[in-house]
Amino acid sequence: MTFDSIVRDELDAHPDVTTTVVHEPVWHQVAPSRARTRVQGWKIHVSAVPADAEDVLARVAALLVPREVAFKYLASAEVLDESLKRRSDPSSSGKFITVYPKDDDEFVALVKELHDLLAGCRGPRILSDRQYRDGVVHYRYGQIKRHSVLDDLGTHRHVIVAPDGSLASDERRSWYTQPEWVRDPFAEPEFAAPGEATRLTDRYRVTSVIRHNNRGGVFHAEDVSTGRPVIVKHCRAGIDPNPDGTDTRDTMRHEAAMLREFAGIVPVPELIDLFDVGEHTFLVEEKLPGVPLHSLLSPDDDDAPPPDPDVVLDLVRQITTLLDTVHRHGFVVGDVSPDNFLLAPSGILHLLDLEGAGRIGEPAAVVRTMEYAAPEKLAQTRESPGVADAATDRYGGGAVIEALAQARQRDGHSRAPFDVLAAHNSLAAELAPVVRGLTQAVPVDRWTWDRVHGELAKPRSSPIAAVGRESPVQDCLKGLLNALRPGDESMVESTRRYDSRFVQTGAAGATSVLVQALRAAEHMPPELATVSREVSRWWHGTLDRFENRLLPGLYNGHSGACWAAADIARATGDESTLDRALDVAGKLPVRWHIPTVAHGVAGSGMTMLHLWRTTGLSAFRDKALDCAEHLTRCATPMATGGVHWPAGDGSSYHGFAVGTAGIGAFLAEVADLCDEDGPRRVARQAGDELLSQARMRDVRIIERDGSSATHRAAWWSEGPTSQCVRHGWWSGGAGIGAFLWRLGNRDMALAAAAGVRQSSVRAPLGAFWGLAGDGAFLLEVAETETPVRPWADFVTALVESHALQDQGHDFATGTTGTLAYLLRARHGCPMPWTSPDFS
């Protein structure tokens, strides 16, 4: 039976109960007409494993429907199963049924009745809630009817109301919290905050957390009986449930068995202990010195140099030999990825995390790292796991070698990015035959280890020719046009909590790309014009629904929404939408406690300049000057002779979106357009500050023809007190370099360009933190600096090798921002959110 049919049967049995059932993608709501639902208060959550779910729902519905109590349940068994996976959100995992009592008395009664009714039923602990007497019933105090406020950073924050009328955050965390003014009706003992309990039995003392997820956690610990440092792995009941009743605890026990089997065959950690505490299972293993292999592919700093080619070749030989040895002993590793190898100080690789291992020919463990798993491994399910086969390991080994060769994590099963890199990288070219041989889609076509060993013994080769491919602009744009919903309240679907109209994840970002595409309409899909007109009318309706409080930010504020609405209205001849957009823009703050482009006054100022430039209305020029005057006055001198702009909490950043570069770029633009000396002086001081903060290093860049040259390269940390270096436009060298380029500092802008090119092999997609933002900067510099053109072409090729993958439609990290870059690179359309001088 389906969950809906169970509830419908119960409702049919009570025709006197008038009820509305609302079907949403995740939850189905049961709302009796006479139920009284509070705005906030105590609510009850019931957990269940899939095998018990139908029985649990039937029992709960039989209790609640006659009493006309409102409740909701997960839409399907598939949704429940997904919520119980190890990588699901731990703050919501396990919540199968939510019950909304009408008052505190009914809450107390229902908790007790449900606990007795569901005795013996199985379900995981709900981490955000307090568990009632070790059963499947849990509860927490919080929001019942949705109520959110838009905070200063453009995020919708769930809130509840305190007795004094103030608003308090209602965040769902992976541990239990309750408002300070609320008393638990069951008077349970005080709860401990995460991290306070550090002792596991009398033997192990936890010293630090490595990671937490829905499954449990991994910890550094000390064996107090010996003083020896150890690694403790923890998993809890009910997560990753299987049809036979087993769950992730059994997977951990299997991992312990595999550690015993692999000991003496290949280097693995020593198994020290395996024990249960209640419904929790713990595995204790030797703490090995070294670094995980993935640290070579995803280093902490984006300016980290790629690993030495000789080191990579040695690692490749170790990986192939290690996996070959495992197979010769009749086992598979099962889940082969960079996370499953540890590189010891001696240079020796150790295997880690053997939960996916098993004997060849026996049922396979359904454990995999998606980007590195063979196609047949991806097809496995818990109901149909298949058998353990060495060919799946060979695919995984080839995928890991591919990642090492390109010095970046694999982000899909397309080899197109690797082909681009192989054309610019002799190491990738040398390893290309091995990668292609091991990652064949059909298992029987994959190379044997003997063939791999023979290929690796050959002399080193030179770069290979890149495979030509058509520009994906048309297909990407069609995908965007199909995804837009100008008939809905939220035109762009997003799972994030930013306002759905803003640039970063919402409608303004998508709208800006339509405006770009209209500039090259003869090359675009014919439906572009029709959709653009519909989008303009959507803005006409939504501009009236802005909150009373307007935020000045460009990327996460109302400035970007006004900019986008005005542009699409002008492009489609929609005068009424244009008038409405200009009216709202005239109300945007020009003074604010946040100075930045993304969230503050510099974003409002850039919008004012854009609207003045495109409409000729002097009122917007005056407002831009007001923004510039405010930012000039707020600049804080530094010991270097430069300036920066601290945020409200005292922190400051270097980057374009949230720091000095973006504020300086706005002031420089004001100075140029309005001939203002004050903003010009402060913009130059901002540039001086960034020059003083640059990290310089010589890098060797290989060009398409195989030649190489050494360049002086520059990177910047996120801020004066940070050591973390990031990709892209938001806080990386691309945005900072673009500002220095505007200031006329050619040498440092070229150094920034060299740094961007060097780091681009590791960059993700996206306009704000990845390749699209990097490429936009390189294209600008390449307009007059011929040596930079091949670097921009390389980034464009990398972007095009990814663009058709499903990345979502937010501007910051998704296909929309990537498409904006491709429209610039392939059709010359100016990048959104920049002045004409930048595009």
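Reader: Let's start with F107: is it buried or exposed?

Author: Buried means under 20% relative accessible area, exposed over 50% and partly exposed in between, using a 1.4 Å probe and protein chains only. F107 comes out buried, at 0%, and Y139 is also buried at 0%. Keep in mind that this is a predicted model, where local features need pLDDT of at least 70 and side-chain atom pairs count only at pLDDT 80 or more, while totals for chains, interfaces and linings use all residues. Residues are numbered from 1 along each chain as its sequence is written, and side-chain values use heavy atoms, leaving out hydrogens and water.

Reader: How many aromatic pairs does the structure hold?

Author: There are 21 aromatic pairs (Phe, Tyr or six-membered Trp ring centres within 6.5 Å; planes under 30 degrees apart are stacked, over 60 edge-to-face, the rest tilted). F107 and Y139 have ring centres 5.6 Å apart and planes at 70°, so they pair edge-to-face.

Reader: Which parts does the F107 and Y139 pair tie together?

Author: F107 sits in helix α4 (residues 104-117) and Y139 in strand β7 (residues 137-143), so the pair links parts 32 residues apart in sequence. Helices (H or I, at least four residues) and strands (E, at least two) are DSSP runs, numbered from the N terminus. Both rings also belong to one aromatic cluster, with W42, Y132, Y141 and F186.

Reader: What about F262 and F331?

Author: That aromatic pair is tilted, at 5.4 Å centre to centre and 55° between the planes. F262 lies in helix α5 (residues 248-262) and F331 in strand β18 (residues 331-332), so this pair ties together parts 69 residues apart in sequence. Both residues are buried.
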